[in-house]
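Please keep the sequence and the structure at hand while reading.

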Amino acid sequence: TKYVLDHGFKPLAYSSLRFAAAAIVFSAITLAIEGTLWMRRRDVALLFGAAVLGIWLNQIGFVYSLKHTTASTVALVFGTMPIFTMLLARASGVETVSKRVAAAAGISFGGVALVAAGAGNVAGDATGIALALMSSATWALYGVAIVPLMRRYSPYRISAVGLLLGAALVLPTAAPQIASQDFGLDPWIWVI
């Protein structure tokens, strides 16, 4: 993604087209496996709310974090995702967290901070790092929010419908960038 952004693709144009293509392919595979993508209306409403917070905001945060900082910094910040997941799961009552697990999360977070502080190639402005943290936290939020759905549907169906909802949210947001995007880009971009 960083390569593509550095070589002419506008952030939301790339993110939305990539995301929509993945949603369509994954949904087609799921439909072939399961024969349906049907979900109850109230479950779709829950998934829609999770998609707004956990996919739409996630994609915006992810692509713009890469615009403002390095890919290695974003990858390092994504090491916080299990910590966010644990905190959100605990706060929502989805999971209880033992003192041992909480201590391990603290050590993990400290490890991310130590690596960040000690690595010479971790770079970027505060905006990029904050957006990477937002992306990490929103993806964790999505994972915790869909837990109730896992009792009724397969992970394939939840993901397929969630990805389609996410694409439906991301594409309109990206429409101005898609409309003004010059698609005569370096051929390697289309391979990546």
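This is a predicted model: local features need pLDDT of at least 70, side-chain atom pairs count only at pLDDT 80 or more; totals for chains, interfaces and linings use all residues.

## Aromatic rings

Phe9, Tyr14 and Phe183 form one aromatic cluster. Phe9 counts as buried because its relative accessibility is 5%, while Phe183, with a relative accessible area of 36%, is partly exposed.

Another pair, Trp139 with Tyr142, is stacked. Because Trp139 and Tyr142 are 3 residues apart in helix 7, about one helical turn separates them. An α-helix has 3.6 residues a turn, so residues three or four places apart point the same way. Trp139 is partly exposed, its relative accessible area being 34%, and Tyr142 counts as buried at 6% relative accessibility. The geometry of the two pairs is set out below.

| Aromatic pair | Centre to centre | Between the planes | Arrangement |
|---|---|---|---|
| Trp139 and Tyr142 | 5.2 Å | 20° | stacked |

## Nonpolar cores

Which residues have the most contacts inside the largest nonpolar core? They are Met39, Leu47, Tyr142, Ile146, Leu149 and Ile158, in a core of 18 residues. Helix 2 (11-34), helix 3 and helix 8 (155-180) are the elements that give two or more residues to this core, and helix 8 gives the most, with 6 residues. Met39, not counting residues up to four places away in sequence, touches Val44, Leu47, Leu149, Tyr153, Arg157, Ile158 and Val161. Apart from this core lies another, of 9 residues, with Leu5, Phe62, Leu66 and Ala132 among them.

## Helix 3 and Leu57

Helix 3 has 28 residues and reaches 39 Å from its first C-alpha to its last, which is close to the 40 Å expected at 1.5 Å a residue, although the helix bends by about 40° at Ala51. Leu57 is found in this helix, which covers residues 41-68, and is partly exposed, with a relative accessible area of 26%. When residues up to four places away in sequence are not counted, Leu57 touches Val52, Met134 and Thr138. Leu57 and Val170 are 113 residues apart in sequence, but their C-alpha atoms are 8.8 Å apart in space.

Helix 5 (residues 81-92) has 12 residues, and its reach of 16 Å from first C-alpha to last is close to the 16 Å expected at 1.5 Å a residue. Met81, Ile83, Met86 and Ala89 are buried in helix 5, and just after this helix Gly93 takes a positive phi of about 80°.

The side chain of Ser136 makes a polar contact with the side chain of Thr80, at 3.1 Å. Leaving aside neighbours within four places in sequence, Ser136 is in contact with Val77, Phe78, Thr80, Met81 and Phe84, and of these residues Met81 is listed among the buried residues of helix 5.

Notes
Residues are numbered from 1 along each chain as its sequence is written. Side-chain values use heavy atoms; hydrogens and water are left out. Helices (H or I, at least four residues) and strands (E, at least two) are DSSP runs, numbered from the N terminus. Buried means under 20% relative accessible area, exposed over 50%, partly exposed in between (1.4 Å probe, protein chains only). Contact means heavy atoms within 4.5 Å. The expected span of a helix is 1.5 Å times one less than its number of residues. A nonpolar core is a set of buried Ala, Val, Leu, Ile, Met, Phe, Trp, Tyr and Cys residues joined through side-chain atoms within 4.5 Å. A polar contact is a pair of N or O atoms within 3.5 Å; within protein, one must be able to donate a hydrogen and the other to accept it, and residues adjacent in sequence count only if both atoms are side-chain atoms. The bend at a residue is the angle between axes fitted to the seven residues ending there and the seven starting there. Rings of Phe, Tyr and Trp (its six-membered ring) pair if their centres lie within 6.5 Å; planes under 30 degrees apart count as stacked, over 60 as edge-to-face and the rest as tilted.
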